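The following note comments on one protein model, point by point. Please keep the structure in view while reading.

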Amino acid sequence: MSESVINLFLVPTPIGNLKDITLRALEVLKSVDVILAEDTRTTGMLLKHLEISNNLQSYHIFNEHKAVEKLVERMKKGEVFALVSDAGTPGISDPGFLLVREVLAADLEVQCLPGPTAFVPALVNSGLPNDRFVFEGFLPHKKGRKTRIDALIEESRTMIFYESPHRLIKTLEQLTEAFGSERQACVSRELTKLHEENVRGSLEELIEYYETNPLKGEIVLTVEGVSVKKETREEKQARYLKSGKSGK
């Protein structure tokens with residue numbers, strides 16, 4: 001059985017350390033007809049460093065709706081594309097979903113390569129439970145922000161947010177108001193870079209820390225879920241007896 005022709009590759013790129021590019025990513029970026037880039041200048045510098053010379057085309061949040069139809073038509077004619085974002089995996093808080101959806105709807109083939117994604121090392125570094133987690137990405141800047149946070153008050157899974165340096169303290173304060181000051185969290189920044197930092201503590205401690213320590217760089221905020229109280233053996237037995245009596 002012959003392998004299907006891939007029309008669109010999603011290629012993760014380094015989030016900081018350029019050594020994190022994979023051999024397979026290099027192979028794909030060299031072989032495709034066109035590389036779709038969120039920012040052609042950023043991707044252009046990466047390709048120059050990797051000694052890759054290939055056709056670059058702009059594809060970002062402001063032109064994706066207009067570009068999708070034409071890109072799908074070109075794929076139907078045989079052109080093969082790779083989509084990259086400025087850093088990390090395309091489609092994770094970056095453009096990509098719309099294109100993938102329309103390519104699949106056209107009965108064409110999509111393949112996503114494994115590779116760098118900021119929230120994975122942040123989650124594992126945090127020391128918080130990672131057997132179950134929920135990725136929230138960026139919170140709304142204004143409208144709907146409080147509603148989104150309030151909807152997470154009873155969330156028991158570890159929560160992961162992306163945040164900008166100038167909004168971090170505001171977010172920590174809003175989470176403290178909703179979750180309580182003792183909720184444990186971790187702020188990860190400059191992941192994979194020389195000055196990588198992971199600051200762990202309660203929400204209150206993190207607010208105090210960042211009020212005197214200015215922030216730079218991309219941030220991943222990992223927050224503990226609400227504790228679920230486990231029923232003791234005695235409580236289970238009492239509940240069983242009570243249910244048995246009520247059934248008579």
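1. Of the contacts in the protein with a separation of 6 or more, 70% join residues 24 or more positions apart; contact means heavy atoms within 4.5 Å. This is a predicted model, in which local features need pLDDT of at least 70 and side-chain atom pairs count only at pLDDT 80 or more, while totals for chains, interfaces and linings use all residues. Residues are numbered from 1 along each chain as its sequence is written, and side-chain values use heavy atoms, with hydrogens and water left out.

2. The secondary structure comes to 9 helices and 10 strands. Helices (H or I, at least four residues) and strands (E, at least two) are DSSP runs, numbered from the N terminus. The radius of gyration, taken over C-alpha atoms, is 23 Å, well over the 18 Å that the globule rule gives for 248 residues, so the protein is more spread out than a compact globule. That rule is 2.2 Å times the number of residues to the power 0.38. Along its principal axes, the C-alpha trace spans about 70 × 55 × 35 Å.

3. Buried residues make up 42% of the 248 residues. Buried means under 20% relative accessible area, exposed over 50%, and partly exposed in between (1.4 Å probe, protein chains only).

4. Which residues of helix α1 (residues 23–31) are buried? They are A25, L26, V28 and L29. Seen down the axis of α1, these buried residues fall within an arc of 165 degrees, so they line one face of the helix; the arc is that of the directions from the helix axis to the C-beta atoms. The face turned away from the buried side carries the exposed residues L23, E27, K30 and S31. Cover for the buried residues of α1 includes β1 (8–10), β2 (34–37), α2 (40–49) and β4 (81–84).

5. An open sheet of 5 strands has the order β6-β7-β10-β8-β9, with mixed pairing; two strands pair if DSSP finds at least two bridges between them. The edge strands, β6 (133–138) and β9 (197–202), each pair on one side only. From one strand to the next, the twist averages 15 degrees. Axes are lines fitted to C-alpha atoms, for helices over the stretch in contact, and angles run from 0 to 180 degrees between N-to-C directions.

6. Strands β7 (residues 158–163) and β10 (residues 219–223) pair in the antiparallel sense over 5 bridges. M159 has V223 as its bridge partner in β10.
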